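Welcome, and please open the model in your viewer. We will go from the whole chain to a single side chain, one selection at a time.

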Amino acid sequence: MSQKHKICLLGASGVGKTSLVRRFVRSVFFEEYRTTVGVVIERKTVRQAGQDVELVVWDLSGEDEFQHVRTAYVRGASGYL
């Protein structure tokens, strides 16, 4: 059975959070800019100390109108970047 950890990416709009997530999870990079609306959730399993660890990566919108829900999204996270 693998461990599961929720990781949230926070930051202003347009700084590259989505590009970082796509590169880490899918090993791809897209040059076009597309605004994240709300939250996009990606999953990646990594091997750590001989165990599978499932990372659930939450890519949170940097737009000001989503600031009021950000606290709810971060709740229960193992970490944030």
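**The whole chain**

Of the 81 residues in the chain, 28% are buried (under 20% relative accessible area with a 1.4 Å probe and protein chains only; exposed is over 50%, and partly exposed lies in between). This is a predicted model, where local features need pLDDT of at least 70 and side-chain atom pairs count only at pLDDT 80 or more, while totals for chains, interfaces and linings use all residues. Residues are numbered from 1 along each chain as its sequence is written, and side-chain values use heavy atoms, with hydrogens and water left out.

Show the C-alpha atoms: they fill a box of roughly 40 × 30 × 15 Å along the principal axes. Switch to cartoon for 2 helices and 4 strands, which run β-α-β-β-α-β from the N terminus. Helices (H or I, at least four residues) and strands (E, at least two) are DSSP runs, numbered from the N terminus.

**The sheet**

Colour the strands next. In what order do they lie in the sheet? The order is β2-β3-β1-β4, in an open sheet of 4 strands with mixed pairing. Its edge strands are β2 and β4 (79-80), each pairing on one side only. Two strands count as paired if DSSP finds at least two bridges between them.

Select residues 39-48 and 51-60: these are β2 and β3, antiparallel over 10 bridges. Inside this pair, Thr45 has Glu54 in β3 as its bridge partner. The two strands form a hairpin with 2 residues between them, and Ala49 in the turn has a positive phi of about 55°.

Select residues 17-26. This is α1, lying across β1, β2 and β3 and running at about 40° to β2. Axes are lines fitted to C-alpha atoms, for helices over the stretch in contact, and angles run from 0 to 180 degrees between N-to-C directions.

**Last stop: Thr36**

Finally, pick Thr36 in the loop between α1 and β2. Is Thr36 buried or exposed? Thr36 counts as buried because its relative accessibility is 11%. Leaving out residues up to four places away in sequence, Thr36 touches Thr18, Asp59 and Ser61 (contact means heavy atoms within 4.5 Å).
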